[in-house]
Amino acid sequence: MHALIAYMGNELPTINEHLDSCVRRLDPFVQPIARHVLNAGGKRLRPLLTLISFRAFGGQGDPYPMASSLELLHSATLLHDDILDRADLRRGRPSAHLVYGRHAAILGGDALLALGNKIVAEYGDARLTNAISEAIMATATGEIREIAQVGNMSLTNAEYLEIVTGKTAYLIEAATRCGALLAGADNAGVEQAAQFGLNLGIAFQLVDDVLDYASSEEEAGKTVAADLREGKATLPLILYLESAAPEERNELQELVGRIGITDMGNTGAGTQSDVQNNKGRAMSQQDLDLVIAAVQRVRETGAVERGREIAAGYAEAARASLQGLPPSPETELLGEALEYVVRRNK
């Protein structure tokens, strides 16, 4: 992965400069919120994939506005996600809604969405605008699906994958699709690039969910077992529950019913007054101990390792799509990106 790391080191300063110029297009009241989320760091995966895909097809011209727009759109979803999840931390820093307030963070996210779309529209290519619009709709739908399933410890693997594909993978697919479109790739090449991005995106989110059970809080930069505390059944937990005894499943369902953020959506468990009464309630030490014990059981059953294996399968599907891209150093970099995604530990 040395070539990819070197490529990232060369490109990140330019990407960040372009992002800063984009932020300056916003109203001065909005700029601090945008800078808060953008300056928290991050892998800049989506703009990097846009650039690499563009160059893999021999693109000419300036791809940086397109690449930057993908990061702006992603950052908008992060602002909104942290509010939905009531997350206190984002990449080890206080979430924007805690610093600037919930309403300002929501509207800041809306402004970033609008700016990202405007930048794409300035290319004057309806295919790019359509690809981005489809990705945003899919992302929002995935988030809504996830909210609808909060507290459901009977979530199936298929339902979980629908959520993952929507909320994460389609925006990554848009990065590689738009890079290929901008480079003038033919239809077959564009679709191969898009399939690469889609499967890479699924693998990325699966690994992210695995890390919620595998990492320490310092490694993850967020509260460990945050998904379980929020009542979300993700891959490691689903794999564990497949072989769990019925009483274990029932105990976990009861635990999530007590500690979950049940006002995120109507899960069918309780009245509206029950939902309202559970808002903001602190977790008891007894319930915290039960959460820690549940995480330990998930780890002991090998669900974390099996989750990584499933993610690796999607990475291999993405690798197969690279056969449809022109042989080039950039195509090889996309292969290294797969290794980076699957092996990462934070």
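## Salt bridges, cores and helices

The structure holds 20 salt bridges. A salt bridge here is a side-chain nitrogen of Lys or Arg within 4 Å of a carboxyl oxygen of Asp or Glu. This is a predicted model: local features need pLDDT of at least 70, side-chain atom pairs count only at pLDDT 80 or more, and totals for chains, interfaces and linings use all residues. Residues are numbered from 1 along each chain as its sequence is written, and side-chain values use heavy atoms, with hydrogens and water left out.

Start with glutamate 162 and arginine 145. Their side chains meet in a salt bridge, 2.9 Å from N to O. Glutamate 162 sits in helix 8 (residues 157-183) and arginine 145 in helix 7, so the pair ties together parts that are 17 residues apart in sequence. Helices (H or I, at least four residues) are DSSP runs, numbered from the N terminus. Glutamate 162 is partly exposed, at a relative accessible area of 44%. Arginine 145 is also partly exposed, at 40% relative accessibility. The cut-offs are these: buried is under 20% relative accessible area, exposed is over 50%, and partly exposed is in between (1.4 Å probe, protein chains only).

Now move to arginine 319. Its side chain meets that of glutamate 316 in a salt bridge of 3.4 Å, N to O. An α-helix has 3.6 residues a turn, so residues three or four places apart point the same way. Glutamate 316 is partly exposed at 46% relative accessibility, and arginine 319 is partly exposed at 25%. Arginine 319 also forms a salt bridge with glutamate 339, with the closest N and O atoms 2.8 Å apart. Here arginine 319 lies in helix 16 and glutamate 339 in helix 17 (residues 329-343), so this pair ties together parts that are 20 residues apart in sequence. Glutamate 339 counts as partly exposed, at 26% relative accessibility. Elsewhere, Glu146, Lys167, Glu230 and Lys232 are linked in a network of salt bridges.

Next, the interior. In soluble globular proteins, nonpolar side chains tend to be buried together. The largest nonpolar core has 66 residues. Such a core is a set of buried Ala, Val, Leu, Ile, Met, Phe, Trp, Tyr and Cys residues joined through side-chain atoms within 4.5 Å. Leu49, Leu72, Leu112, Ile132 and Phe196 have the most contacts inside the largest core. Helix 4 (residues 64-85) gives the most to this core, with nine residues. Apart from it lies another core of 34 residues, among them Val164, Leu206, Ile259 and Val298.

What does leucine 49 touch, leaving aside its neighbours within four places in sequence? Leucine 49 is in contact with Ile172, Ala175, Thr176, Phe196, Leu200 and Leu334. Contact means heavy atoms within 4.5 Å.

Threonine 50 is found in helix 3 (residues 45-56). Threonine 50 is buried, with a relative accessible area of 1%. A polar atom of its side chain lies 3.4 Å from the backbone oxygen of alanine 175. Beyond its neighbours within four places in sequence, threonine 50 is in contact with Met66, Ala67, Leu70, Ala175 and Gly179.

Arginine 44 lies in the loop between helix 2 and helix 3. Arginine 44 has a positive phi of about 55°, although it is not a glycine. Arginine 44 is buried, with a relative accessible area of 7%.

Among the buried residues of helix 6 are Ala105, Gly108, Leu112, Leu115 and Ile119. The buried residues of helix 6 pack against helix 1 (2-23), helix 2 (31-38), helix 4, helix 5 (96-100) and helix 7 (126-148).

Finish at leucine 239, in helix 12 (residues 235-242). Leucine 239 counts as buried, at 5% relative accessibility. Leucine 239 and threonine 301 are 62 residues apart in sequence, yet 8.9 Å apart in space, C-alpha to C-alpha. Leaving aside neighbours within four places in sequence, leucine 239 is in contact with Asn157, Ala303, Arg306, Gly307 and Ile310.

How values were computed: Helices (H or I, at least four residues) and strands (E, at least two) are DSSP runs, numbered from the N terminus. A polar contact is a pair of N or O atoms within 3.5 Å; within protein, one must be able to donate a hydrogen and the other to accept it, and residues adjacent in sequence count only if both atoms are side-chain atoms.
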